[in-house]
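Please look over the structure shown below, which is discussed here first as a whole chain and then through two of its residues.

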Amino acid sequence: MSFINKPHVILLFIISSTFILFVPALDLSNVPLESPTSDQDGFLPLAGKHVVICNKVKNRESLNVHCRSSEDDLGLIHIPWNHTWGFRFHVNIWKSTKFRCHFTWLGGGSHYFTIFKVSRDDSIIGYPVCKECIWEVGKDDKNPICRVSRDKAILPHCFQWEEGP
């Protein structure tokens, strides 16, 4: 009997091939929050992402944020003016990961925005791919929510609020 026909060798080959294919897609680094990252990082299956929300509301009030995906509810968070809050996750294998947030602040009303969606934030078509997606909220009425870069040479990408729930 040939060595290659043995079931344990075939199983070992399948396991090692799978390991070789998927390990490079995992983000196993332990990068501190403050370290700069490239806007072009993260475009892989299961890519690690870090969403950061910066409270820049023009009346200097606390920002209330409630974010959720189809799998996770991150709860209600209160962000003091000029402070940040963030969360980390991995894009799922189907590349359908989406986080939608509800924003409120005193005198600012009630607003909704999809803070992360693959078609905008993890696609090579359109806006730059972000591994660290930094959002400034409430700075002005014309551009109420903007994705910014740590590299100040890159212009922000600003959006309007979305319709309610």
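This is a predicted model: local features need pLDDT of at least 70, side-chain atom pairs count only at pLDDT 80 or more; totals for chains, interfaces and linings use all residues.

## The chain as a whole

Of the 165 residues in the protein chain, 37% are buried.

The protein chain contains two helices and nine strands, which follow one another along the sequence in the pattern α-β-β-β-β-β-β-α-β-β-β. Among the contacts with a separation of 6 or more, 56% are between residues 24 or more positions apart.

## Phenylalanine 89

Phenylalanine 89 belongs to strand β4, which spans residues 84–90, and it counts as buried because its relative accessibility is 9%, under the 20% cut-off. Leaving out residues up to four places away in sequence, phenylalanine 89 touches Ala47, Gly48, Lys49, Val51, Thr97, Phe99 and Phe116. With alanine 47, the sequence separation is 42 residues, while the C-alpha to C-alpha distance is 8.4 Å.

## Arginine 147

Arginine 147 lies in strand β8, residues 145–148, and, with a relative accessibility of 6%, it also counts as buried. Its side chain is joined to that of aspartate 121 by a polar contact of 2.6 Å, and a polar atom of the arginine 147 side chain lies 2.4 Å from the backbone oxygen of proline 128.

Beyond its neighbours within four places in sequence, arginine 147 is in contact with a set of residues including Arg120, Asp121, Tyr127, Pro128, Cys130, Cys133, Trp135 and His157.

Conventions: Residues are numbered from 1 along each chain as its sequence is written. Side-chain values use heavy atoms; hydrogens and water are left out. Helices (H or I, at least four residues) and strands (E, at least two) are DSSP runs, numbered from the N terminus. Buried means under 20% relative accessible area, exposed over 50%, partly exposed in between (1.4 Å probe, protein chains only). Contact means heavy atoms within 4.5 Å. A polar contact is a pair of N or O atoms within 3.5 Å; within protein, one must be able to donate a hydrogen and the other to accept it, and residues adjacent in sequence count only if both atoms are side-chain atoms.
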